[in-house]
Structure formats: C-alpha cells, structure tokens
Amino acid sequence: MQKLISVIIPCYKQAHFLGECIESVLAQSVKADEIIVVNDGSPDNTSEVAKKYGVIFIEKENGGLSSARNAGIKQATSNYIMPLDADDMLRPDAIKEHLAIADENVIAQCGMLYFGNQVATYRPMGATLDSMLKSNSVYCNSVFTKKMWEKTKYDESTVMRLGLEDWLFWIELMANGAQVKTSDYIALLYRRHGNAMTQATTHPRWNEIIEYMSKKIKDKYGLKTNFHSLH
C-alpha cells in the first residue's frame, strides 16, 4: 500500500509561530499529502495565517490539544499521521525518514533538537511497553497509522488537557500491539520557550496527571505503571 501522510497542526495562541511551522512542512523533500491546521478556538490571527498557505483548515471551539489533534486526524484522508505542534518545525527530510520506517502497527520515531531558551540534541533510545510504563521516550511528532488511532484516540478528558496526552496515547497504542521503530535522523525542531505548555500547566499538576493515567491504564489494560512523582 502506498504511504500517504497527513501532518496535523493544532494551534492555540501560537499564530506568531504557525507560519514557520507550515513552511517547514511545505519545504519537505518528500511532500505531505495533506497539511491540516486546527484552530482550537484561538483568539489570535491563527485563521488568517493558516489560510495564507492554502492548507486544509478546521475551526473549532477550544477543547485542548487532544481534542484538536483528534479533530484533525478525523478529517485526514491519508493512511499515516504526523502530529506537529504549531510552535515546532521539521527538518527537510523529516517526512522521508519517518515514512522509511513507518508500517502497520509501528510508531515511527526520529530524533529531536531543542532550540530557543534551551539547546540540546536527542536521538531516540527506542521504547517498549514496559519502558513506557515508567517514562516517556517517544517524541510528540512520531508517525502512526490512522487505523491505529481509530482504535485508540487521544484522551480528551479534563485532566489530560493539562499535558502528557501523547505519552498516554503511545502507551495505549502499544498496549494494543504497536511497536516503536527508530531512526537517528534529527527530524523535529522543538522550540523551548517560556510559554510552553509543559512548564505552564503540566509540571505544576504532574502528580494529578500521572495518577489519572495510572488508573486508566490499570482499569483498561490491567497494566501496572511505575511513573515518578514530582515533589
């Protein structure tokens, strides 16, 4: 089967980054078959920026990152999906390198470079279900099939709006049989800045989030987690 890919870009209050993000997708050596921008009820000029690039565009009431990703993926017509946050960018061979290792029941993961107020390079260590029940080592833009998502969507609960939604999503995919494949290519340019969701909402409520995740994973899959708490 031909590998077609949709890049899903949720945006909330990040219109000032969105143009660079879209341009990095348009500049790929292997082109995306669809670029879908989801305006998650953003009060800025997200709509104006997105429409300038002629991408597929969805407007919805604010529902959080999981809700926006799910809305975009639902509209996607490709068999492969790459989520991409509006404040991040892709290096030129990102789609090419992800699709080279992508397959049915595979989470395809390449490397990542932090830039902005922190600079660091990360190559994927790989992941198993056991390792993911302790800590997350799969990056947020990793590629998966739409069929996999149809069985396990991003959790839209109030608690998961606080963050770590991609970690829970990967665990659920892997509990349903997915495996992680990796490439050392540095694909994702991950912007570190003061308004990032992790610092603003995730870390202050970390223990609440992992408690919710642990209960869901135990109740739904019979799996025991060993997440670390933040004191």
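## Before you start

The model is predicted, so local features need pLDDT of at least 70 and side-chain atom pairs count only at pLDDT 80 or more, while totals for chains, interfaces and linings use all residues. Residues are numbered from 1 along each chain as its sequence is written, and side-chain values use heavy atoms, with hydrogens and water left out.

Helices (H or I, at least four residues) and strands (E, at least two) are DSSP runs, numbered from the N terminus.

Two strands pair if DSSP finds at least two bridges between them.

Now follow strand 4 (residues 80-83) and its partners. Strand 1 and strand 4 run parallel and are joined by four bridges; in one of the pairings, I5 has Y80 of strand 4 as its bridge partner. Strand 4 and strand 8 run antiparallel, with two bridges between them. Here I81 is partnered by F144 in strand 8, and Y80 stands opposite T145.

Is strand 4 covered on both faces or on one? Both faces are covered: Y80 and M82 are buried on one side, and I81 and P83 are buried on the other. Buried means under 20% relative accessible area, exposed means over 50%, and partly exposed lies in between (1.4 Å probe, protein chains only). In a regular strand the side chains alternate between the two faces of the sheet.

Strand 6 and strand 7 pair in the antiparallel sense over three bridges. To find this pairing, look for Y114, which stands opposite A120 in strand 7. Contact means heavy atoms within 4.5 Å.

Which residues of helix 4 are buried? They are A94, I95, H98, L99 and I101. Seen down the helix axis, these buried residues fall within an arc of 165°, so they line one face of helix 4. The arc is that of the directions from the helix axis to the C-beta atoms. An α-helix has 3.6 residues a turn, so residues three or four places apart point the same way. The cover over the buried residues of helix 4 includes strand 1, strand 4, strand 5 (89-90), strand 6 (106-116) and strand 9 (179-192).

Helix 3 (residues 65-75) is mostly covered, with eight of its eleven residues buried. Among them are L65, A68 and I73.

## Rings that meet

The structure holds nine aromatic pairs. Rings of Phe, Tyr and Trp (its six-membered ring) pair if their centres lie within 6.5 Å; planes under 30 degrees apart count as stacked, over 60 as edge-to-face and the rest as tilted. F169 and W170 form a tilted pair, 5.4 Å centre to centre with 55° between the planes. F169 is buried at a relative accessible area of 1%, and W170 is buried at 0%. Ring pairs link F144, Y154, F169 and W170 into a cluster.

## Loop residues to look up

K13 sits in the loop between strand 1 and helix 1 (15-26). Phi of K13 is near 60°, a positive value in a residue other than glycine, and K13 is partly exposed at 47% relative accessibility.

N105, in the loop between helix 4 and strand 6, likewise has a positive phi near 60°. At 39% relative accessibility, N105 is partly exposed.
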